[in-house]
Amino acid sequence: MPVATLLPFTATPNRKSASPTSFRLTEKFILLLVFSAFITLCFGAIFFLPDSSKLLSGVFFHSSAVETNTRTGPDSSDSGSAGNDERVLAKIRKDHEKALLEAKDTLQKRPDEIVKDIRNEKDELVKESVGQGGKDVNNLPFVEYRRPPGTTGHEPLDPETRERRAKIKEMMKHAWDSYRRYSWGSNELRPISKQGHSSNLFGSIKGATIVDALDTLYIMEMFEEFDAATEWVEKNLDFVVNAEVSVFEVNIRFVGGLLSAYYLSGKEVFRRKAVELGEKLLPAFKTPTGIPWALLNLKSGIGRNWPWASGGSSILAEYGTLHLEFMHLSKLSGNPEFAQKVMNIRKVLNRLDKPQGLYPNYLNPNSGQWGQHHVSVGGLGDSFYEYLLKAWLMSDKTDEEGKKMYYDALQAIETNLMRKSSGGLTYIAEWKGGLLEHKMGHLTCFAGGMIALGADGAPSDKTGHQMEQAAEIARTCHESYARTALKLGPEAFRFDGGVEAIATRQNEKYFILRPEVIETYMYMWRFTHDPKYREWGWEAVQALEQHCKVEGGYSGVRDVYSSTPNHDDVQQSFYLAETLKYLYLLFSDDDHLPFDHWVFNTEAHPLPVIKKDNTDRPNEVE
């Protein structure tokens, strides 16, 4: 049999088909016209027949029902079909009348009720579309993102302030460009040797500087750099590592940085990565008391504490500096476990007796008892107190437990640790088994800003007193800078042996680009607008430029009392996350990241206040 008869519609190139069933071009055109006229007639009937609205509602809104009810078997009679048609039309009329009644009912509601109904229906639709429990492919609930106020600012009106602010942005660009050029993807930069640097704090997680700097880039409107960092996070940030990490450092830098980047930009990749990392940190809480381990293997989930920490104790500043991030993780993931873990820490602490009302730096996670009675508002203790206050502020001042714990602790600190030198400098000493060590660390200098931030919430008779304390601590910390050769502050300074605000031990003379003094200047400027705080901040800028800036970035120095700086060859990630951000905000207007809408974590990552008037909408970001 010829192929042409087997394939009647097969055309042969350059000639007409031999098949009698093939169509000429003119015949095809006529058939197309007839078919078009038929379609037009059908749709005209639908729109112009008397029951067209009912028929349309059946066609467009209940097509599946119509199809189901009009399909009949091969043996159906004409009378059966006619009966079926009547039932279909009756159903269409009923649905149409129901829709009219619903519309009438809706129009009688108040606007806020209509909005609420729409939101509820939207949530239900999302749950149905993404599967059981409202989870999407990334196992996260739907969140309606709304950018909080003040994510970016405007140019200051004062020319000098504007020029200084621009200078700090230039510093950020030099630090970032150097990191990108010489150590892209590494945790930190060695600016002298121009290569990558990594600390064992992060295990084998990479990109600490990228994640730490995300929000600073956004706040300074360095959007090209922010986009490059975002792309790296999306493609390269990996938490599937068989390595031990510091739960504290990974939380404040990585989780905090990712959360902040999400709230500033609204990019889902940051929410997804933050929750993923948060879930990997949860096994750290598997202790008899729920007080987390300091170190955790992210693959095995096995934790332990630092071997030097008072008989295997957990450290106050580490387990006490998870609250802000974990509350937001619960909010963004829909998983209450994050919040439950950090609230349990408070329960453990509240059951314990505090010596003189103070919180010792060491707590055994197995026994739930204090370790050595060493108390510090600097290293090992500092951010625990900060997070008590900020938990209250971040809750829109509804967390009364956090508020009480903070002000009670501050009173104990004032009574037992706060002292004034013979030269009139207020400082916060360290407490060791009832004996004071008259030493104050650079880390402790954050307390000036903390006390100023909390002064407004104190009893009215103490607000002014706390602002005075904050100002005095800021002055002491400024003196620790002013009394060095490089005009940069030492790691710790002492008030004994006739010495005031000066480091006397070689291992306390270094400066590693720390932010705490500048942090306090920023808070004091916001609350007082005293120009001296901006001047003190500018002094620090000049010292950083003169002594820490090198061709490959910025480096810490080993001895601030030596007129010739000896660089340590590390550009810390917190220099971009904290030091430069606080400097930039010091020379910005108050509506840039305003305090009534934002709270900074201890790595200077801004997190939004969880507004109490949105408690009925738990999946909405304010």
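Me: Buried means under 20% relative accessible area, exposed means over 50%, and partly exposed lies in between (1.4 Å probe, protein chains only). With that in mind, which residues of α7 are buried?

Reply: Before I answer, note that this is a predicted model, in which local features need pLDDT of at least 70 and side-chain atom pairs count only at pLDDT 80 or more, while totals for chains, interfaces and linings use all residues. Residues are numbered from 1 along each chain as its sequence is written, and side-chain values use heavy atoms, with hydrogens and water left out. Helices (H or I, at least four residues) and strands (E, at least two) are DSSP runs, numbered from the N terminus. In α7, the buried residues include Thr-161, Arg-164, Arg-165 and Ile-168, and among the others are Met-171, Met-172, His-174, Ala-175, Trp-176 and Tyr-179.

Me: How many residues does α7 have, and how far does the helix reach?

Reply: The expected span of a helix is 1.5 Å times one less than its number of residues. Helix α7 covers residues 159-183, which makes 25 residues, and it reaches 36 Å from its first C-alpha to its last, close to the 36 Å expected. Just after this helix, Gly-185 takes a positive phi of about 95°.

Me: How should I read the sheet, and in what order do the strands β3, β4 and β5 come?

Reply: Strands of a sheet pair through backbone hydrogen bonds, either parallel or antiparallel. Two strands pair here if DSSP finds at least two bridges between them. The three strands form an open sheet in the order β3-β4-β5, with antiparallel pairing, and the edge strands, each pairing on one side only, are β3 (244-246) and β5 (303-304). Helix α10 (residues 247-265) packs on this sheet and touches β3 and β4. Strand β4 (residues 295-297) is joined to β5 by two bridges, and Leu-296 has Gly-303 in β5 as its bridge partner.

Me: Which residues does the UniProt annotation "active site" cover?

Reply: UniProt positions are given in the numbering used here, feature names are shortened, and annotations may be inferred rather than shown by experiment. In the unreviewed UniProt entry, "active site" covers Glu-249, Asp-382, Glu-491 and Glu-516. Asp-382 is found in helix α15 (residues 382-394) and is buried, because its relative accessible area is 12%. Beyond its neighbours within four places in sequence, the contacts of Asp-382 include Ala-317, Leu-443 and Phe-446. Glu-491, by comparison, has its place in the loop between α18 (460-482) and β14 (492-494), where it counts as buried at 13% relative accessibility. With sequence neighbours within four places again left aside, Glu-491 is in contact with residues including His-442, Glu-508, Tyr-510 and Arg-514.

Me: Which residue does UniProt list for "binding site", and where does it lie?

Reply: The unreviewed entry lists Thr-602, which lies in the loop between β17 (598-600) and β18 (606-608). Thr-602 counts as buried, because its relative accessibility is 17%. Once neighbours within four places in sequence are set aside, its contacts are Ile-252, Thr-321, Ser-383, Glu-386, Tyr-387 and Glu-578.

Technical notes:
Contact means heavy atoms within 4.5 Å. Axes are lines fitted to C-alpha atoms, for helices over the stretch in contact, and angles run from 0 to 180 degrees between N-to-C directions.
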